[in-house]
Amino acid sequence: MADRARDPECLFCRIVAGEVPTTKVHEDDALVAIRDIAPRAPTHVLLLSREHIPSVAELSDADAALVGRIFAAAAAIARAEGIAERGYRVVTNVGEWGGQSVNHLHFHLMGGRAFGWPPG
Ligand code: AMP
């Protein structure tokens with residue numbers, strides 16, 4: 001397994017460490033959830049792993065609990081934000097063509113409007 005220690009050059013490692021101001025909506029020993037600085041929907045929350053993992057491409061079976069924790073937190077936040085009833089989207093971008101701009105595992109929780117499919 002690759003080294004998952006904090007990367008001082010990584011924006012999301014710095015956010016997890018509390019070095020960059022954000023609006024946190026949830027945190028626990030596995031993840032930190034913050035409001036996206038440039039929201040693309042009325043509710044746009046990012047769920048960041050505490051560990052520095054570049055993307056889902058680096059996950060293994062050993063991460064099953066982490067991924068479950070992230071999705072369970074997303075569902076709980078969706079309920080708390082009032083977007084659960086009408087539905088929402090949880091998405092993660094991987095690499096250049098996937099549209100990933102920060103190389104630290106994170107999932108977008110978006111809701112409060114209808115989304116098209118497939119995404120652009
Ligand atoms: P992605 O492009 O999938 O890697 O997602 C990165 C997300 O991080 C984008 O939606 C950005 O708007 C968001 N973002 C970048 N910098 C910050 C920040 N300082 N605080 C909160 N969200 C950020």
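The model is predicted, so local features need pLDDT of at least 70 and side-chain atom pairs count only at pLDDT 80 or more, while totals for chains, interfaces and linings use all residues. Residues are numbered from 1 along each chain as its sequence is written, and side-chain values use heavy atoms, leaving out hydrogens and water.

**Contacts with the ligand**

- Polar contacts are pairs of N or O atoms within 3.5 Å.
- In S101, a polar side-chain atom lies 2.6 Å from an oxygen atom of the ligand.
- N93 has a polar side-chain atom 2.8 Å from a ligand oxygen, and an N or O atom in the side chain of H108 is 2.8 Å from an oxygen atom of the ligand.
- On its own the ligand has 500 Å² of accessible area (Shrake-Rupley method, 1.4 Å probe), and the protein covers 84% of this area.

**The shell around the ligand**

**The whole chain**

- The protein chain has three helices and five strands, which are DSSP runs numbered from the N terminus (helices: H or I, at least four residues; strands: E, at least two).
- From the N terminus on, the order of elements is α-β-β-β-α-β-α-β.
- The chain's radius of gyration is 14 Å, close to the 14 Å that the globule rule gives for 120 residues, so the chain is as compact as a globular protein of that length. This radius is taken over C-alpha atoms, and the rule is 2.2 Å times the number of residues to the power 0.38.

**A peptide bond to look for**

- Most peptide bonds are trans.
- W117 and P118 are joined by a cis peptide bond, with omega about 0 degrees.
- P118 is found in the segment after β5.

Definitions and conventions
Polar contact = N/O pair within 3.5 Å; in protein donor to acceptor, adjacent residues only side chain to side chain.
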